[in-house]
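Hi,

Here's the structure I said I'd pass on.

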Amino acid sequence: MSRTATMKTGFALPQFHKQAFQISQIADFAREAERFGAASLWVSDRYLAAVHPKVGYGGRGTTIPPELNAAADPLVLLGAVAAVTERVELGTHVLLAPLYPPVQLARALTTVDLISGRRLLPGFGIGWSPEEYEAAGLDFHRRGARMEELLDALEIIWTSDPAQYTGTHITVPLHHAPLKPQCHPRPPVYLGALSERALRRVAQRADGWLPLCVVPSYVDIDGLIAQRKLIDRLAIETGRDPSAIDTVLRVNADAGTPASAVADVIRNVHERTGIDHFLVDSLYVAETPGQSLDYAGDVLTLVGRG
């Protein structure tokens, strides 16, 4: 299947809801998606879905879609997929990084990087669920500050041996850290961001930005352009080259959305913004890995036709 040479289209792995109970098919899904021409494969993260959430999905309301109740582990999935693929990039969009101890997170991501041969694209976010932080024994209201320290700790663990980090929220004792990612000096770190504070974090220290749209209910191309302009301006103020900050747009499909509508959005966003890497998530339109694979094939064909 052909695609335009300037675009990369990737897909979410079948990880949630009914597909979580069919996770034994993940290797077949990954091999076939790579064979179809997928540029990348991605996992998301849901630490838990509270029965009575204080904050709802995406930080709005007080409900969480039932499709998120069952979730397979993202890092285990990435390791399994890394072992059975050869070309596709492997990303997290997004991993709730502040919930993880930094040594555990660095070791897991290093392992995926080594198995895959430098194909890892780690993407982090701070999340919106107080209950997830409660379950991890952490302060939800300090998640942004913890993210800042986590990024510092990962940098040190990935680039130093021995490694040590001491912060207000995170402490890592001096330890031997000889196992390093194959990607030097470290894997590129992407960050999800919507607020100005989070976009500033992207501009100051991320290698990439992970925005989101939902087809057809939330496609704000003007908003994407404005946010990217803000990132570029803040990056320049920090002394960074904005062109060094990549973008991967997550494209979630609402229930019942045809692949043609997703392909149209991808082409339109690419033409108007220059974004050239897209992640399509078919969670709400597919109930089996096979259906997700068919949807991915349709999207790839339609995007390639222009």
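**The main pocket**

The lining of the largest pocket splits into 22 nonpolar, 12 polar and 12 charged residues. Before you read on, bear in mind that this is a predicted model.

The volume of that largest pocket comes to about 1400 Å³. There are 46 residues in its lining, and the ones closest to the centre are Gly 58, Val 94, Gly 127, Trp 128 and Leu 194. If you'd rather think in terms of elements, at least two lining residues each come from strands S6 (123–125), S11 (212–215) and S13 (249–253), and from helices H6 (143–159) and H7 (196–205).

H6 is one of those contributors, and it has 17 residues. From first C-alpha to last it reaches 24 Å, close to the 24 Å expected at 1.5 Å a residue. Its buried residues are Arg 143, Gly 144, Arg 146, Met 147, Glu 149, Leu 150, Leu 151, Ala 153, Leu 154, Ile 157 and Trp 158. Note that Arg 143, Arg 146 and Glu 149 are among the buried ones, in case you care about charges there.

Is Glu 196 buried or partly exposed? Its relative accessible area is 48%, so it counts as partly exposed; the cut-off for exposed is over 50%.

**The enclosed spaces**

How many cavities of 30 Å³ or more does the structure hold? There are 2.

The largest cavity has a volume of about 100 Å³. Its lining includes a run of residues from Ala 12 through Leu 13, Pro 14 and Gln 15 to Phe 16, and also Gln 19 and Ser 44. Arg 250, Asp 281, Ser 282, Leu 283 and Ser 292 make up the rest of that lining. By class, that gives 5 nonpolar, 5 polar and 2 charged residues.

The second largest cavity holds about 30 Å³ of space. Around it are Phe 11, Ala 12, Phe 29, Val 280, Ser 282, Ser 292 and Ala 296. Strand S1 (8–12) and helix H10 (289–305) are the elements that give two or more residues to this lining. Here the classes are 5 nonpolar, 2 polar and no charged residues. Ala 12, Ser 282 and Ser 292 turn up in the linings of both cavities.

**Strands and sheets**

S1 deserves a look of its own. Of its 5 residues, 4 are buried, so the strand is largely enclosed by the rest of the structure. S1 pairs in the parallel sense with strand S14 (residues 277–281) over 4 bridges, and Thr 9 has Phe 278 of S14 as its bridge partner. S1 also pairs, again parallel, with strand S2 (residues 40–43) over 2 bridges. In that pairing, Phe 11 stands opposite Leu 41; Phe 11 is also part of the lining of the second largest cavity.

Elsewhere there's an open sheet of 5 strands with parallel pairing, in the order S4-S6-S9-S10-S12. The edges are S4 (95–96) and S12 (246–247), each of which pairs on one side only. Inside that sheet, S9 (residues 190–191) and S10 (residues 208–209) are joined by 2 bridges in the parallel sense, with Leu 191 partnered by Trp 209.

For an antiparallel example, go to S7 (residues 163–166) and S8 (residues 171–175), which are joined by 3 bridges. A hairpin connects the two through 4 residues, and Tyr 165 stands opposite Val 172 of S8.

**Cysteines**

How many disulfides does the structure hold? The count is 0. Cys 183 has 12% relative accessibility and therefore counts as buried, the cut-off being under 20%. Cys 213 is buried too, with a relative accessible area of 3%.

Cheers

Methods:
Residues numbered from 1 in each chain as written. Predicted model: local features only at pLDDT ≥ 70, side-chain atom pairs only at ≥ 80, totals over all residues. Heavy atoms only, no water. 1 Å grid on protein atoms, 1.4 Å probe; cavity = no way out; pocket = protein on both sides within 12 Å on 5 of 7 lines; lining within 4 Å. Points joined across faces, edges and corners; volume = space filled by probe spheres on them. Nonpolar A, V, L, I, M, F, W, Y, C, P; charged D, E, K, R; others polar. Expected span 1.5 Å × (residues − 1). Buried < 20%, exposed > 50% of the residue type's maximum accessible area, 1.4 Å probe, protein only. Pairing = 2+ DSSP bridges. Disulfide = S-S within 2.5 Å.
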